[in-house]
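Me: I would like to learn how to read salt bridges in a model such as this one. Could you take me through the general idea and then the case at hand?

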Amino acid sequence: MLPLNLTGSENGLIEVEIMVCGGAYPGAFDYAKKQQVFLEASDSCGRMKVTDSEPEWVMEFMPTPRVMPDMLLLPTGNVIILNGAANGTAGWENAANPVLHPVLYRPGLVDSVLRFQLLAPASTPRMYHSSAVLLPDGRILVGGSNPHRGYDFLAYPYPTELSLDIYNPDYLGPEMDPLRPGIITVEVVNHTVEYGSLFTVSFSLKEVRDVSGIRFSLVAPSFTTHSFAMNQRVLFLEVKALEEVGNSSPESPQGPVKSVYKAMVRGPGSFTVAPPGYYMLYVVHAGVPSVAKWVHIR
């Protein structure tokens with residue numbers, strides 16, 4: 001499910017859109033299992049607005065085919081697609097040709113071709129039983145891969161892999177550091193945001209680029225297995241007020257900061273929009289997210 005925008009829509013309804021990418025074509029499993037023939041995976045992505053009166057699939061195409069992809073929602077609202085293979089299917093020894101290049105998908109761009117961006121490649125093939133999770137600081141932890149029934153560290157070319165990698169999205173590049181917000185306080189009791197309640201968030205900016213575009217995203221920490229982050233969810237909260245409240249001292253723990261802002265934000269309206277539990281709260285400025293603060297939604 002692509003990020004939900006809670007800032008209001010026509011008739012008060014929230015637009016809900018799902019996206020499915022990659023996978024294996026019918027018959028791929030039998031070819032791989034019985035004949036060791038690895039058919040090329042799908043390179044298609046389908047999007048559907050399930051809240052439309054007559055939902056229809058809209059098809060797009062990734063730069064490369066991919067089966068067993070791990071798809072993660074980022075706090076910016078973009079999607080990153082990692083891991084997997086270009087041929088075969090899921091299962092024991094059923095895939096070949098690992099896809100090392102992650103792909104960034106920007107659902108908000110008008111041009112469907114430009115939505116996909118091929119990123120710098122990883123050095124470790126991550127096939128069946130690989131995983132990826134978003135960390136509170138915006139990095140992505142990538143690990144695993146075991147296309148065998150047991151642990152086999154000598155298998156060629158895809159041994160059991162117990163290593164972990166950290167992937168830094170482009171918003172963590174050093175040139176983006178001046179734009180990165182720093183959350184100072186989240187003014188709630190016991191870290192808890194009640195459904196529909198208003199709360200304030202104070203944050204600092206070293207360099208102010210786009211105040212009107214500042215957003216607040218809630219990200220559910222996903223449980224990921226077999227290419228599915230099952231409880232994955234991103235919500236952009238409604239901002240009721242935003243004002244600059246002063247400049248921080250150069251002696252502050254965060255170092256020299258240009259401006260301090262305070263925002264009044266409304267929590268999700270109900271458990272149908274945000275199931276109760278813990279979420280990471282990010283401030284996003286000019287496409288760059290802060291380090292998250294944990295909040296409990298109930």
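Reply: Side chains of opposite charge can pair when their charged atoms come close. With a salt bridge defined as a side-chain nitrogen of Lys or Arg within 4 Å of a carboxyl oxygen of Asp or Glu, the count here comes to 13 salt bridges. The model is predicted, so local features need pLDDT of at least 70 and side-chain atom pairs count only at pLDDT 80 or more, while totals for chains, interfaces and linings use all residues. Residues are numbered from 1 along each chain as its sequence is written, and side-chain values use heavy atoms, with hydrogens and water left out.

Me: Which parts does the pair of Arg-126 and Asp-165 tie together?

Reply: The two side chains of Arg-126 and Asp-165 form a salt bridge at 2.9 Å, N to O. Arg-126 sits in the loop between β10 (116-118) and β11 (130-134), whereas Asp-165 belongs to strand β13 (residues 164-167), so the pair links parts that are 39 residues apart in sequence; strands here are DSSP runs (E, at least two residues), numbered from the N terminus.

Me: Is Arg-126 buried or exposed?

Reply: Arg-126 is buried at 3% relative accessibility, where buried means under 20% relative accessible area, exposed over 50%, and partly exposed in between (1.4 Å probe, protein chains only).

Me: What joins Lys-240 and Glu-238?

Reply: Their side chains meet in a salt bridge of 3.5 Å, N to O, with Lys-240 partly exposed at 43% and Glu-238 partly exposed at 23%. Elsewhere, salt bridges with shared partners join Glu-17, Arg-47, Glu-60 and Arg-115 into one network.

Methods:
Helix = DSSP H or I, 4+ residues; strand = E, 2+ residues; numbered from the N terminus.
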